[in-house]
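Let's walk through this fold together, one question at a time. Have the viewer open as you read.

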Amino acid sequence: MIGNKIKILREFRNYSQEYMADKLGISQNAYSRIELNKSKLTTDAAEKIAELLQIPLDDLLSKDNPIITFNNNQIAKGYIYNNFEIQKDLYENIISNLQQELNDAKKREEKLMHLLEKRSA
């Protein structure tokens with residue numbers, strides 16, 4: 001999805017979510033929701049993100065994954081091939097984020113169960 005593509009390209013540029021959010025004039029939380037595909041991306045935001053990530057808007061919005069060419073620091077349309085270390089790091093980061101989301105959901109569930117127990121007592 002587009003959020004993951006934005007995240008890959010942001011990390012390639014070594015930009016933090018805070019940096020991107022600041023440049024877009026939104027909170028870090030609002031930006032995070034874009035990368036997690038939890039909020040709809042407006043045309044204006046997509047244009048600004050493409051500009052920040054230095055790629056054409058069409059490439060950002062396409063279904064193709066980016067090819068990252070390291071020898072000249074360029075990004076092109078296509079797929080990432082034969083760079084298992086980068087893919088491994090990205091997947092580990094995604095897994096870590098999902099684990100954190102799961103932990104947060106479990107905490108919310110515990111709080112809700114506690115509230116339900118109080119009400120039924």
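The questions below go from the whole chain to its helix packing and then to a ring pair.

This is a predicted model, where local features need pLDDT of at least 70 and side-chain atom pairs count only at pLDDT 80 or more, while totals for chains, interfaces and linings use all residues. Residues are numbered from 1 along each chain as its sequence is written, and side-chain values use heavy atoms, with hydrogens and water left out.

Q: Which pattern does the chain follow along the sequence?
A: The chain holds six helices and two strands; these are DSSP runs numbered from the N terminus, helices being H or I with at least four residues and strands E with at least two. Read along the sequence, the pattern is α-α-α-α-α-β-β-α.

Q: How is H1 oriented relative to H3?
A: Axes are lines fitted to C-alpha atoms, for helices over the stretch in contact, with angles from 0 to 180 degrees between N-to-C directions. Helix H1 (residues 2–12) and helix H3 (residues 28–35) have axes 7 Å apart and pack at about 115 degrees. Angles under 35 degrees count as roughly parallel, over 145 as roughly antiparallel, 65 to 115 as roughly perpendicular and the rest as oblique. That makes H1, relative to H3, roughly perpendicular.

Q: Which residues of H3 does H2 meet?
A: The axes of H2 and H3 come within 8 Å and cross at roughly 105 degrees. Contact means heavy atoms within 4.5 Å. From H2, Gln-17, Glu-18, Met-20, Ala-21 and Leu-24 meet, in H3, Gln-28, Tyr-31, Ser-32 and Glu-35.

Q: What class does the pair of Tyr-15 and Tyr-19 fall into?
A: One aromatic pair turns up in a search of the whole structure. Rings of Phe, Tyr and Trp (its six-membered ring) pair if their centres lie within 6.5 Å, and planes under 30 degrees apart count as stacked, over 60 as edge-to-face and the rest as tilted. With centres 4.6 Å apart and planes at 40 degrees, the pair of Tyr-15 and Tyr-19 is tilted.
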